[in-house]
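This report goes through one structure in plain terms. Sequence and coordinates come first, and the description follows.

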Amino acid sequence: MRLLTWNINSVRLRLPLLQQIIRDVQPDVICLQETKCPDEVFPLMELHGLGYTYTHLWGQKSYNGQAILSKHPFTDPKTYARCGQEDCRHISVRFPAFELHNLYIPSGGSGGDLPDPETNPKFRHKLSFVEEMTAWFAQTYTPESPLIAVGDFNIAPYEHDVWSHKQLLKVISHTPDETTRLEAMRASLDWIDTRTHFIPATEKAYSWWSYRSADWKKNNRGRRLDHTWVTEPLRPALKSMEIQTKWRGADKPSDHVPVILDLSA
DNA sequence: ATGGTAGATTGTCTA
């Protein structure tokens with residue numbers, strides 16, 4: 001099974017690029033974040049026409065929004081209110097071999113926003129969101145549960161997940177407040193971050209480049225915000241993980257690129 | 001020096 005996760009930053013604007021990616025990658029299952037539209041205007045028929053006849057949508061006007069699109073049947077579609085908000089950031093479905101969770105963790109602010117939970121409510125929300133998910137996963141499953149969690153986590157946890165570890169330690173996405181919480185979430189079910197499995201820790205790996213850079217490729221000031229995690233029962237099924245950087249250079253690109261996970265399951 | 005761009009929406013929030 002080939003799984004693709006992508007923060008598409010508007011599914012209506014970027015449907016042509018999604019169609020191009022589908023033709024190129026041929027994923028079995030697609031997890032989207034930041035679809036930015038209510039379900040009734042999601043371009044469902046176009047995706048049905050490409051073979052994605054099983055769909056689980058949870059969108060809203062303007063912000064956030066998620067979709068799972070599949071060529072294979074699934075059961076048990078769920079949506080989760082997190083931090084008391086129905087804000088379309090966590091959905092899941094069940095396949096025969098695993099349960100799949102699509103996550104969109106709050107950004108917590110951007111640009112010059114400060115990573116201070118006391119003064120920045122968006123940052124406080126982000127930390128609470130990760131804490132709540134950590135507790136929820138740990139009480140809902142065990143490390144023996146076959147699970148996949150993918151999506152835009154908005155946290156770059158490792159030194160080489162950012163272009164400069166030192167310069168980003170006080171920048172939202174790479175602060176110790178965030179990375180220690182994400183590590184606690186990973187450890188609570190002994191998740192395998194497939195980045196660790198497939199890419200050497202000393203090798204830079206990015207999935208996002210800011211729109212605000214004059215030349216994203218030249219400066220290459222990226223961050224790895226998009227993740228593909230699996231639990232231990234799926235380790236033998238891991239075949240490959242690839243961050244497809246080339247799509248950042250597409251016409252009208254998303255600021256995130258798709259990540260592909262191949263499983264023998 | 002506190003920038004810069006993008007998307008939804010149409011003044012302003014979010015990223």
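## A loop cysteine and its surroundings

Cys 37 is found in the loop between strand 2 (29-33) and helix 2 (44-49). Helices (H or I, at least four residues) and strands (E, at least two) are DSSP runs, numbered from the N terminus. This is a predicted model, in which local features need pLDDT of at least 70, side-chain atom pairs count only at pLDDT 80 or more, and totals for chains, interfaces and linings use all residues. Residues are numbered from 1 along each chain as its sequence is written, while chains are lettered from A and ligands numbered from 1 in the order in which they are written.

Apart from neighbours within four places in sequence, Cys 37 is in contact with Val 11, Arg 12, Phe 42, Gly 59 and Gly 65. Two residues are in contact if their C-beta atoms, placed from the backbone, lie within 7 Å. Tyr 63 is 26 residues from Cys 37 in sequence, and the C-alpha atoms of the two are 7.4 Å apart.

## Chain A overall

Chain A has 7 helices and 12 strands. Its radius of gyration is 17 Å, close to the 18 Å that the globule rule gives for 265 residues, so chain A is as compact as a globular protein of that length. The radius is taken over C-alpha atoms, and the rule is 2.2 Å times the number of residues to the power 0.38. Along the principal axes, the C-alpha atoms of chain A fill a box of roughly 45 × 45 × 35 Å. Of the 265 residues, 41% count as buried. Among contacts in chain A with a separation of 6 or more, 66% are between residues 24 or more positions apart.

## Strands and their pairing

An open sheet of 6 strands has the order 3-4-2-1-12-11, with mixed pairing. Strand 3 (54-58) and strand 11 (238-243) are the edge strands, each pairing on one side only. Two strands pair if DSSP finds at least two bridges between them.

Strand 6 (residues 90-94) has 4 of its 5 residues buried, so it is largely enclosed by the rest of the structure. A hairpin of 4 residues joins strand 6 to strand 7. Strand 8 (residues 147-152) is mostly covered, with 6 of its 6 residues buried.

The table lists pairings with their bridges.

| Strands | Direction | Bridges |
|---|---|---|
| strand 3 and strand 4 (residues 66-70) | antiparallel | 5 bridges |
| strand 5 (residues 75-79) and strand 6 | antiparallel | 3 bridges |
| strand 6 and strand 7 (residues 99-104) | antiparallel | 5 bridges |
| strand 7 and strand 8 | parallel | 6 bridges |

Thr 55 stands opposite Leu 69 in strand 4. Lys 78 has Ser 92 in strand 6 as its bridge partner. Glu 99 in strand 7 stands opposite Arg 94, and Glu 99 also stands opposite Leu 147 in strand 8.

Definitions and conventions. Buried ≥ 20, exposed ≤ 12 C-beta atoms within 10 Å, placed from the backbone.
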